[in-house]
Amino acid sequence: MSGTCSFVVNGELPFMIVIFSIDRRDPGASHIMVTFRTRWLLPMLLLNLPKCFTLGRPAPPSTPHCYIPCDVNDCFGDVYCSWEHMQNSQIPTNYSLHWRSTHNNEEQGITRTSFSGLIHRDHFSDPAELFVWVQAKNQYGSAKSNRLIFNTTDIIKPPPPTFNSLSDDEAFEIHWDSICDRLMKSVGLCDVRYRTDADQTWIEKKGFYSTYTIENPENCTAYELQVRCACQTSLASNWTTSRRIPGVEMAPIGKLDIWMDCGISTKASDCFLTWKELPISQTCGVILGYELRISHGDKEELFNLSTTFPNNQLKCDEMQCHYDSIKPSIKNATSVSLSAYNVHGANAPSYLPKLVTGKGETQQVFYFEMNDENLTVSWDVPPVLSDSLKKYVVQYKQAASLPGQGFSWVKLNKSQTTAFIRGQFKKYTAYRISLFAISHGNVVHHLSSAIGYSQQGAPPEVLSFKVLSISTTDVILGWEPSSLSSQKGLVLYYQIGVNQKEKVYNVSALNESKAEMELQHLRPGQDYEVWIRAVTAVGPGNKTTLRFKTNHHENFGSTFYFCSCVILLFCN
């Protein structure tokens, strides 16, 4: 049998051809002939050659795993074996389970199309020492697994143990009964594993008989435990179903991480109070609501934001909540505090830092990278706040998003100068990334902001392109910059072209408040056609065209008449 394998790069013609043949008398022997079209392709051949050989004898299966299952009263006599195939071949492959006993040297086997097989009790004496292996076979050849050697008395698999009523949830202690004594077997050692709701990774402990106690359990934390046991000479059982020990309920612990959503601009008239929900390990029960206190001078107002009754002011998603009202104002408040409560009480309140505008705004340069799922921001320590600095805050806000949406933040201690935030960042959507510093006195300083995109696209057409003023030789053109919500990428500059073949001007987009340009040295009374387009990192957008005509030469008639009168009067 023969075939070819070709490689194509960048749509070009195949640059190498591999021709191989398989000798049906010896399916394992392959003959390869390689034709190079260029001298440097040997490394590419070595890298890609294994991909060509999907035809051929199968790879050896894994060593089989065998056991004799038991119930609570007795063990079944049949041996159950399973194995894994070692490659994903497109060629139909049959598997056969083979065994041989030390008492009977005769080889026996059954053919399977799946990855498991059964050795019936009638095919061996008990107890017996068996040699077991698996063979894979297709039309090109066969391959065998490594042999598994065992005594049938050593591979019984007892059922899982059972928890008993002696377990003490308050002491975080569990007790169980092994099935080994019912199977006329000596009790062996057991394994225990546990995990919490907050951390779903199993922690496994080994070497126990009938009881286990969790040492130093965490406060307000529920534990999920499982046990498996082996008899003195047997395999380990499967894991039990989970036994759950609830955590001791008390008032919530820890503090809420609170912040403010001021929209896309830090100069917004007001902000919305936003906070992250407590992790399960700190709620110590069901959170029934939040107590919000807002002070303006000597006047303090208390708001009960219940989670159990409908409330238009409390909005929560999976991770964050926000107070959906700007009355009373939190931006101008002298103090804002928030605490969470359950049936046992409330945790210590968290205080919102006071945002100071106009002070400490250093326009600190920071660097960021952004993709669909991650945002990484790094910066240098601001020299102005180095002595009073306590924490940094990095936040992002999606353009044109509602309060509390498309918004998140992370707080870091003052020794950290890199932030990593996970999120779902939409393509072609603007996000304002901001860096803040919290200094002593719980005061917030806005250091800098920048616009970022996870992926950029070409910009839209420029709107409202018009003539602002015109004379004989000059014209001032103006346009309306695109809003952040409509931009598909960061606009770097604008291009303005005059007529078809004349000069193209580049106008910076940094100063969006003055979106205008003056064209000078034009011809009086001349028709002109100008166009404008925005440019992002991806490239330019579509052009917007404008036509105008410069003024003719000024009418000097009145000036000549005035001068004539002056001359006549002077002469008289």
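Let's start with an open sheet of four strands, which follow the order 8-5-4-12 with mixed pairing. Strand 8 (116-119) and strand 12 (156-157) are the edge strands, each pairing on one side only. Keep in mind while browsing that this is a predicted model.

Within this sheet, strand 4 (residues 65-69) and strand 5 (residues 79-82) run antiparallel and are joined by three bridges.

Strand 39 (residues 493-498) pairs with strand 42 (residues 527-535) in the antiparallel sense, over six bridges. A handy place to look at this pairing is Tyr494, which stands opposite Ala534 in strand 42.

## A nonpolar patch on the surface

Now for the outside of the model. Val187, Leu189 and Tyr209 form a nonpolar surface patch, and together they have about 290 Å² of accessible area.

One member, Tyr209, sits in the loop between strand 16 (203-208) and strand 17 (211-213). Is Tyr209 buried or exposed? Tyr209 counts as exposed because its relative accessibility is 52%, and the cut-off for exposed is over 50%.

## The chain as a whole

Stepping back, the chain contains three helices and 43 strands. The two sheets described above are built from some of these strands, including strands 4 and 5 and strands 39 and 42.

How much of the chain is buried? Of its 572 residues, 40% count as buried. The accessible surface of the chain comes to about 32,400 Å², and carbon and sulfur atoms make up 51% of that area. As for contacts, take those in the chain with a separation of 6 or more: residues 24 or more positions apart account for 61% of them.

How values were computed
Residues numbered from 1 in each chain as written. Predicted model: local features only at pLDDT ≥ 70, side-chain atom pairs only at ≥ 80, totals over all residues. Heavy atoms only, no water. Pairing = 2+ DSSP bridges. Buried < 20%, exposed > 50% of the residue type's maximum accessible area, 1.4 Å probe, protein only. Contact = heavy atoms within 4.5 Å. Areas by Shrake-Rupley, 256 points an atom, 1.4 Å probe, with all protein chains shown as cover. Patch = residues over 30% accessible without salt bridge, like charges linked within 9 Å, V, L, I, M, F, W, Y side chains within 5 Å. Salt bridge = Lys/Arg side-chain N within 4 Å of Asp/Glu carboxyl O.
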